[in-house]
Amino acid sequence: MIKGLKTALGAVTVGLLAGTTLAHAQSTDDELVKKGAYVARLGDCVACHTALHGQVYAGGLSIQTPIGTIYSTNITPDPTNGIGSYTFEEFDEALRHGIRKDGSTLYPAMPYPSFARMTQDDMKALYAYFMHGVKPVAQPNKAPGISWPLSMRWPLAIWRSVFAPAPKAFVPAAGTDAEIARGEYLVTGPGHCGACHTPRGFGMQEKALDASGGPVFLAGGAPIDNWVAPSLRNDPVEGIGSWPEEEVYQFLKSGRTDHAAVFGGMADVVGWSTQYFTDADLHAMAKYLKALPPVPVPPGRSAYTYDASTAQALDSNNTSGAPGASVYVEQCAICHRNDGGGVARMFPPLAGNPVVVSADPTSIAHIIVAGAVLPPTNWAPSAVAMPGYKSVLSDQQMADVVNFIRTSWGNKAPANVTAADIQKLRVDHAPISTASWGFGSADAATWGVYHPQPYGAGWTFSPQTHTGEDAAQ
């Protein structure tokens, strides 16, 4: 009897230990999936892999390129249409190497050159999330709309071998501050900020993937959806040189500060991604960006100084001095004020705004033509919309008001936008070319004569998502 009792107690003990082990394993798996969900936020995977009004991660977002249209793929764990049959090694090959399951190269719209520096811990967490934390969706992938011979994939392998770095987990330089190192990893790795904010070269490659590439890194990109991703360097004119670190943090967290408001593609980034980052990660990104070497003022330009003469003229109802002044008073001043100061965290200032004085006027022109939406976030729940004026003003009036804004209150941008530029922007959705202006350089956010940017006419990432149409998602 005693022997039977010992046996029974032993079985109970083993059962309890097994139950404890299983519970611990389940807890560990849940923690890994939760971490992976956060890594997916860091990479903003949902923004590109969710179509307009589509199901999350099921793909189908149209990406129109000069050679045709490609579509983001289904990355849910559906075994037939998604990535449910991928091993971890195959998942890692796709994200960090740019090689899909069948061995062919992915289009570089997938930012695998940045993901190449992601750590194995983050990759394993991301894999656990997509396999166990995402709902499978049986939605077939769309075939690219690219005609032969440009549809052949083998040249992409050559592009990858020339321009994509060999995958290697990020290791900060010796002696780097731990917070700055974390910020560098987030900006250059999963956050892939350079994909939009760094100029591209003749092969459509980013000219620099990190600060070792010099001042061109994060110096500003060319138009995507007719929005220009501005410089993230400490450029006092066109970048964030005048922004304190706390303001960079607030911008990433809420999409708005006293001096700026998110727009265009960045509205998606804040709405889907950065507003969910931990405060520690947001501060790390801000600290890293502000720690980058300063960029000198472009030749022929000077740091911004406010000029009150425009406000004084408008206050006295004197609009005869410049074309566009009367349109500004009638249509714009109610929100952005006669002094160009706007309303803090609602209507961004126009005086000294880097977007306004950018070498490329496409963003400010596009906002006036098509309007824009300042999205609600968890930290700033009010949504603010600016109407488009393409049905209200003539092309000449819109060109005049763009030029007025770019040359008032101390802004020193050229007044070169024409009615023909606005017409092309309005009708053909073509960005405003600055190649012939002799302003800026091939390394800035302009179209250079010998080094054209790849993102321009013909490039768009489903712009409907930037106009509030996808509110249900």
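## Helix H9

Helix H9, residues 245–254, is mostly covered, with 7 of its 10 residues buried. Helices here are DSSP runs of H or I with at least four residues, strands are runs of E with at least two, and both are numbered from the N terminus. Buried stands for under 20% relative accessible area, exposed for over 50%, and partly exposed for values in between (1.4 Å probe, protein chains only). The buried residues of H9 are Glu 247, Val 248, Tyr 249, Phe 251, Leu 252, Lys 253 and Ser 254. These buried residues pack against H10 and H11, where contact means heavy atoms within 4.5 Å. After H9 comes Gly 255, which has a positive phi, near 85 degrees.

The model is predicted: local features need pLDDT of at least 70, side-chain atom pairs count only at pLDDT 80 or more, and totals for chains, interfaces and linings use all residues. Residues are numbered from 1 along each chain as its sequence is written, and side-chain values use heavy atoms, with hydrogens and water left out.

## Aromatic pairs

Rings of Phe, Tyr and Trp (its six-membered ring) are paired if their centres lie within 6.5 Å; planes under 30 degrees apart are called stacked, over 60 edge-to-face, and the rest tilted. By this rule there are 15 aromatic pairs. One of them joins Tyr 38 and Phe 277 edge-to-face, at 6.3 Å centre to centre and 65 degrees between the planes. Tyr 38 belongs to helix H1 (residues 2–43), while Phe 277 is in the loop between helix H10 (265–272) and helix H11 (279–291), so this pair ties together parts 239 residues apart in sequence. Tyr 38 and Phe 277 are both buried.

Tyr 112 and Trp 159 are also an edge-to-face pair, because their ring centres are 6.4 Å apart and their planes stand at 85 degrees. Since Tyr 112 is in helix H4 (residues 112–115) and Trp 159 in helix H6 (residues 154–163), the pair ties together parts that are 47 residues apart in sequence. Both Tyr 112 and Trp 159 are buried. One aromatic cluster is formed by Tyr 57, Phe 88, Phe 91, Tyr 127, Tyr 129 and Phe 130.

## Charges over rings

A charge is said to sit over a ring if NZ of Lys or CZ of Arg is within 6 Å of the ring centre and within 35 degrees of the ring normal. The charged end of Arg 41 is placed this way over the ring of Tyr 276, 3.7 Å from its centre. Lys 253, one of the buried residues of H9, has its charged end over the ring of Trp 379, 3.7 Å from the ring centre.

## Salt bridges

Side chains of opposite charge can pair when their charged atoms come close. A salt bridge is counted when a side-chain nitrogen of Lys or Arg is within 4 Å of a carboxyl oxygen of Asp or Glu. The structure has 12 salt bridges. Among them is the one between Asp 92 and Arg 96, at 2.7 Å from N to O. Asp 92 and Arg 96 are 4 residues apart in helix H3 (residues 88–97), so about one helical turn separates them. Asp 92 is buried at 8% relative accessibility, and Arg 96 is buried at 9%.

In the salt bridge of Asp 102 with Arg 100, the closest N and O atoms are 2.9 Å apart. Asp 102 is exposed at 55% relative accessibility, whereas Arg 100 is partly exposed at 28%. Arg 117 and Asp 210 form another salt bridge, with their closest N and O atoms 3.2 Å apart. Arg 117 is in the loop between H4 and helix H5 (120–132) and Asp 210 in the loop between H8 and strand E4 (223–224), so the pair ties together parts that are 93 residues apart in sequence. Arg 117 is buried, with a relative accessible area of 14%, and Asp 210 is buried at 17%. Asp 177, Glu 179 and Lys 287 are linked in a network of salt bridges.

## Gly 194

Gly 194 is in helix H8 (residues 194–197) and is buried, with a relative accessible area of 5%. Its C-alpha atom is separated by 8.2 Å from that of Ser 114, 80 residues away along the chain. Leaving aside residues up to four places away in sequence, Gly 194 touches Glu 206 and Leu 218.
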